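Student: Could you take me on a close look at one part of this model, the place where the two chains meet, and then set it in its surroundings? I would enjoy one connected walk-through.

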There are 2 protein chains.
Amino acid sequence: MIAFEKLKFAQEKNNSKLCVGLDSTIEKLPKHIEKNVNGLFEFNKKIIDATIDLVCSYKINFAFYEQYGSDGIDLIKKTINYINHNHQDKIILNIADAKRGDIGNTSAAYSKAILIDMGFDSITVNPLMGSDCVLPFLEDKEKFVFLLALTSNKGSQDFQMLNLESGIPLYKKIIEISSKWADENQLGYVIGATHPEMLKGIREIIPNRLLLFPGIGTQGGNATELLKYNSHNPYLINVSRDIIYTSNEINFEEKVNLKAENYKNLFNSIDENL
Amino acid sequence: MIAFEKLKFAQEKNNSKLCVGLDSTIEKLPKHIEKNVNGLFEFNKKIIDATIDLVCSYKINFAFYEQYGSDGIDLIKKTINYINHNHQDKIILNIADAKRGDIGNTSAAYSKAILIDMGFDSITVNPLMGSDCVLPFLEDKEKFVFLLALTSNKGSQDFQMLNLESGIPLYKKIIEISSKWADENQLGYVIGATHPEMLKGIREIIPNRLLLFPGIGTQGGNATELLKYNSHNPYLINVSRDIIYTSNEINFEEKVNLKAENYKNLFNSIDENL
């Protein structure tokens with residue numbers, strides 16, 4: 001199943017637009033879990049088991065794993081394997097939040113490493129270096145690319161929001177140019193949930209593109225505002241820390257399950273009331 | 001020794017502005033070398049032994065290593081260890097060409113992984129996400145950041161060269177804004193050697209900043225043009241494929257040594273004749 005179809009299937013089956021970000025680090029593990037990479041895998045498995053019927057996607061942020069060197073890379077693989085094989089009756093999109101992007105032959109190597117060898121369905125890519133850096137990630141027509149356009153952090157003001165000569169801001173130009181590189185079955189965008197007011201203008205350019213919204217939860221984005229401007233167009237919302245670290249206790253999985261369910265229901269109820 | 005001083009020391013001692021890029025991949029190994037990750041380490045060691053007195057820096061492009069999963073990550077560490085310990089009488093700057101950049105807590109994790117745990121002196125960082133994504137890499141005052149400003153590939157036209165409302169292109173604005181984030185002992189830029197004519201304007205904004213020029217050799221940049229516009233300001237030039245894959249034969253180290261010496265002498269002679 002191609003990545004885009006996988007997401008649609010999962011969103012319908014679980015009635016959910018929630019993506020859980022597995023930003024797992026040793027320091028934040030619940031107190032009864034071993035403080036090492038094995039403990040991280042136990043933690044990831046428990047989070048996955050507790051949420052697999054409530055989400056449409058899992059996102060793995062590579063930075064948190066790379067800090068554990070080669071063990072961290074193995075942990076990414078084991079986690080993806082766990083999602084794909086221990087729950088093979090469940091169809092869930094997985095996203096490599098790696099924000100890669102380099103000259104052609106280098107992006108091709110990243111693409112092989114992440115999309116082929118690690119078995120990810122999709123990847124976040126940084127567009128600053130232009131088309132020849134993004135196209136290698138689009139070669140396999142089954143895979144999906146989320147291009148960074150307007151990120152959720154404060155620093156998004158520094159360059160992404162600068163106005164170009166033509167009067168439009170850089171993040172819109174990124175969307176305008178790059179949306180010619182692949183159709184909506186293969187290419188969508190990362191738009192920070194912290195900028196709901198800008199989403200309106202973005203949806204005027206790309207009504208049908210799939211958008212990944214990070215920034216809800218710990219980062220403070222407002223889902224009601226955001227989904228109002230999104231007005232029923234294709235999306236998924238990532239929540240990481242606010243779900244996975246919701247409890248430090250022995251029964252944290254139950255709390256994680258409840259928190260994920262709350263988020264899932266919140267997004268659905270906002271959408272229903274639009 | 002702080003990274004910036006390390007580079008100055010190496011440039012003086014070896015009388016060289018050459019950085020060798022260890023873009024090593026199994027497919028391109030000389031024919032007598034084992035076609036696996038062990039073979040890659042043998043290859044890297046031979047390249048390093050053949051060039052250590054001719055360079056000021058080694059650059060490791062992470063993509064080529066990450067395609068070998070956790071073995072590739074171990075190979076990066078072993079290679080950096082080999083440079084730092086088997087040649088500890090030689091002082092050489094090493095650069096993690098990782099082009100990272102993510103929101104604050106994530107960039108902090110990348111910074112720990114690459115600059116602290118792996119022991120790199122410096123790293124290339126993508127500035128698109130703004131200051132809070134770059135600052136974590138600048139926290140350790142001994143380390144050096146090369147920020148992407150104008151890359152060597154064709155895709156640099158897509159966004160980096162777009163003119164802003166103020167009339168200046170994005171790559172200049174990136175330099176203008178980010179040069180306030182750290183002084184020249186900690187922050188420099190990646191400027192593609194394929195755009196010599198634009199270097200003049202860049203040097204008007206940041207005459208004293210250290211610039212890393214990729215794009216000479218296989219990518220076709222012209223060193224004479226480039227160094228004319230650089231006019232004796234601080235720089236290093238990276239050459240990867242044209243040096244490390246110069247020969248497929250049993251005595252490839254000799255060819256690599258000659259090729260590196262030619263490049264070193266070429267850059268010096270251009271500078272002397274300015």
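Tutor: Here is a walk from the contact between the chains to a few spots inside each of them.

Please keep in mind that this is a predicted model. For the complex, the predictor reports an ipTM of 0.95 and a pTM of 0.96. Chain A has an average pLDDT of 96, and 100% of its residues score at least 70.

Let us start with the contact itself. On chain A, 47 residues are in contact with 47 residues of chain B. Several helices of chain A each supply at least two residues to the side that touches chain B: helix 3 (62-66), helix 4 (69-86), helix 5 (104-117), helix 6 (131-134) and helix 7 (170-178). Helix 5 of chain A gives the largest share of that side, with 7 residues. By residue type, the side of chain A that touches chain B divides into 18 nonpolar, 18 polar and 11 charged residues.

The same surface serves both copies, as 100% of the contact residues of chain A recur in chain B.

Leaving aside residues up to four places away in sequence, B:Ile237 touches B:Lys17, B:Leu18, B:Cys19, B:Ala193, B:Phe213, B:Ile216, B:Ala223 and B:Phe267.

Strand 3 (residues 93-100) of chain B pairs with strand 4 of chain B in the parallel sense, over 3 bridges. Within that pairing, B:Ala96 has B:Ile123 of strand 4 as its bridge partner. From strand 4 (residues 122-125) of chain B, B:Ile123 and B:Val125 point one way, B:Ser122 and B:Thr124 point the other way, and all are buried.

In chain A, strand 3 (residues 93-100) holds A:Lys99. A:Lys99 has a positive phi of about 45 degrees although it is not a glycine. A:Lys99 counts as buried because it has 27 C-beta neighbours inside 10 Å, where 20 or more are needed.

B:Asn15 also has a positive phi, of about 45 degrees, although it is not a glycine. B:Asn15 sits in the loop between helix 1 (3-13) and strand 1 (18-21) of chain B. With 13 other C-beta atoms within 10 Å, B:Asn15 is partly exposed.

A last stop is B:Ser247, in the loop between helix 10 (241-244) and helix 11 (252-272) of chain B. B:Ser247 is partly exposed, since 15 other C-beta atoms lie within 10 Å. Residues up to four places away in sequence aside, B:Ser247 touches B:Pro30, B:Phe252 and B:Lys255. B:Lys31 is 216 residues from B:Ser247 in sequence, yet the C-alpha atoms of the two are 9.7 Å apart in space.

Note on methods. Residues are numbered from 1 along each chain as its sequence is written. Chains are lettered from A and ligands numbered from 1 in the order in which they are written. This is a predicted model: local features need pLDDT of at least 70, side-chain atom pairs count only at pLDDT 80 or more; totals for chains, interfaces and linings use all residues. Two residues are in contact if their C-beta atoms, placed from the backbone, lie within 7 Å. Helices (H or I, at least four residues) and strands (E, at least two) are DSSP runs, numbered from the N terminus. Ala, Val, Leu, Ile, Met, Phe, Trp, Tyr, Cys and Pro count as nonpolar, Asp, Glu, Lys and Arg as charged, and the others, Gly among them, as polar. A residue is buried if 20 or more other C-beta atoms lie within 10 Å of its own, exposed if 12 or fewer, and partly exposed in between; C-beta atoms are placed from the backbone. pLDDT is the predictor's confidence in each residue, from 0 to 100. Two strands pair if DSSP finds at least two bridges between them.
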